[in-house]
Amino acid sequence: LVPAYYQEHAGSTEIGSHPRFSVPDETIRRTIGEAHALGLQVLLFPIVRLAHPRRDSEWRGTLQPSDRKAWWQSYERLTLHLAQLAQQHKVAQFSVGSELSTLDGERDRPDWQRLIGKVRGLYQGRLTYSGNWDHYDKVALYDLCDTAGMCAYFPLASRLQTPPVPVEDLAAAWQQKKVELLAFVKKQNRPLLLTEVGYLSQRGAVAWPWEEAAQKPVDLEDQRRAYEAFARVW
């Protein structure tokens, strides 16, 4: 379950619920209950979004709070609230963050240590953090979590390749990446958790699966091949 919470732009220090786009706690509770009734386990996976980014390149991976201490205080309040909710409703796994690439390195490790220590005082399940696909090897807090999470929008082809790319080639690209990822998490001594994987239903999207705002020609077969390659390898 992926509830979104908002700050104004990349330099802001306050994170909270958006009146239109953030689901209320009651919706989260109800949906956890519905999932459990179906025999599913739940990963509660909150994300930070920007209400009014100052430029197209701003997103949660480029946050530069004007007051870092104030941002961490706001983020801690939100995270501890959700950790308590996760504990109350027996959520199997909780994510303490996702794709916060400018805030998940060595500089901010003491803040993560403090936050995760407080989370573990409230929540007894497994913890993860989800690094971005192009940054996961720079994340400095995997050892504080139970699983090493990452968003798996790795390109499976070059932009120069003319679609369609054969599924065998896509699977070979995934196989090479799988070897890299498993070697990485072995060093981390943590299980790997692919928190996100996806491909747009657009021609050539296997070369840029992270471009969620792309508007290329629709190609459902390109999308199907990408998912087949993922399923074959994993």
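Which hand does the crossing of H2 and H3 have, right or left? The crossing of H2 and H3 is right-handed, where a crossing is left-handed if the near helix is turned anticlockwise from the far one by less than a right angle, and right-handed if clockwise. Welcome to this structure, which is a predicted model: local features need pLDDT of at least 70, side-chain atom pairs count only at pLDDT 80 or more, and totals for chains, interfaces and linings use all residues. Residues are numbered from 1 along each chain as its sequence is written, and side-chain values use heavy atoms, with hydrogens and water left out.

**Helices H2 and H3**

- Helix H2 spans residues 68-88 and helix H3 spans residues 109-122; helices (H or I, at least four residues) and strands (E, at least two) are DSSP runs, numbered from the N terminus.
- The axes of H2 and H3 come within 9 Å and cross at roughly 25 degrees; axes are lines fitted to C-alpha atoms, for helices over the stretch in contact, and angles run from 0 to 180 degrees between N-to-C directions.
- H2 and H3 are therefore roughly parallel to each other (angles under 35 degrees count as roughly parallel, over 145 as roughly antiparallel, 65 to 115 as roughly perpendicular and the rest as oblique).
- On the H2 side, the contact is made by Trp72, Tyr75, Glu76, Thr79, Leu80, Ala83 and Gln87, contact meaning heavy atoms within 4.5 Å.
- On the H3 side, the contact is made by Asp111, Trp112, Arg114, Leu115, Lys118, Val119 and Leu122.
- Sorted by class, the contact of H2 with H3 has 8 nonpolar, 2 polar and 4 charged residues (Ala, Val, Leu, Ile, Met, Phe, Trp, Tyr, Cys and Pro count as nonpolar, Asp, Glu, Lys and Arg as charged, and the others, Gly among them, as polar).

**Helices H1 and H2**

- Helix H1 covers residues 25-37, and its axis comes within 11 Å of the axis of H2, with a crossing of roughly 30 degrees.
- H1 passes H2 in a right-handed crossing.
- Asp25, Ile28, Arg29 and Ile32 of H1 make this contact with His81, Leu82 and Leu85 of H2.
- The class count for the contact of H1 with H2 is 4 nonpolar, 1 polar and 2 charged residues.

**Helices H4 and H5**

- The axes of H4 and H5 come within 8 Å and cross at roughly 45 degrees.
- H4 and H5 are therefore oblique to each other, and H4 passes H5 in a right-handed crossing.
- From H4, the residues in the contact are Val167, Glu168, Leu170, Ala171, Trp174, Gln175 and Lys178.
- From H5, they are Arg225, Ala226, Glu228, Ala229, Phe230, Arg232 and Val233.
- By class, the contact of H4 with H5 has 8 nonpolar, 1 polar and 5 charged residues.

**Cysteines**

- The disulfide count is 0, a disulfide being a pair of cysteine sulfur atoms within 2.5 Å.
- Cysteine 145 has its closest cysteine sulfur in cysteine 151, 14 Å away, which is too far for a bond.
- Cysteine 145 is buried at a relative accessible area of 2% (buried means under 20% relative accessible area, exposed over 50%, partly exposed in between, with a 1.4 Å probe and protein chains only).
- Cysteine 151 is buried too, at 0% relative accessibility.

**Loops and backbone**

- Proline 164 sits in the loop between strand E6 (147-151) and helix H4 (167-188), and the peptide bond from proline 163 to proline 164 is cis, with omega near 0 degrees.
- Glutamate 99 has a phi near 60 degrees, a positive value in a residue other than glycine.
- The loop between strand E4 (93-98) and H3 holds glutamate 99, which counts as buried at 4% relative accessibility.
- Asparagine 189 also has a positive phi, near 60 degrees, as a residue other than glycine.
- Asparagine 189 lies in the loop between H4 and strand E7 (192-196) and is exposed, with a relative accessible area of 62%.
- Arginine 190 has its place in the loop between H4 and E7 and is partly exposed, at 21% relative accessible area.
- Leaving aside neighbours within four places in sequence, arginine 190 is in contact with Tyr142, Asp143, Cys145, Asp146, Thr147, Ala148 and Val185.
- C-alpha to C-alpha, arginine 190 and glycine 204 are 33 Å apart in space and 14 residues apart in sequence.
- Glutamine 202 is found in the loop between E7 and helix H5 (220-233) and is buried, with a relative accessible area of 13%.
- Not counting residues up to four places away in sequence, glutamine 202 touches residues including Trp208, Ala214, Pro217 and Asp222.
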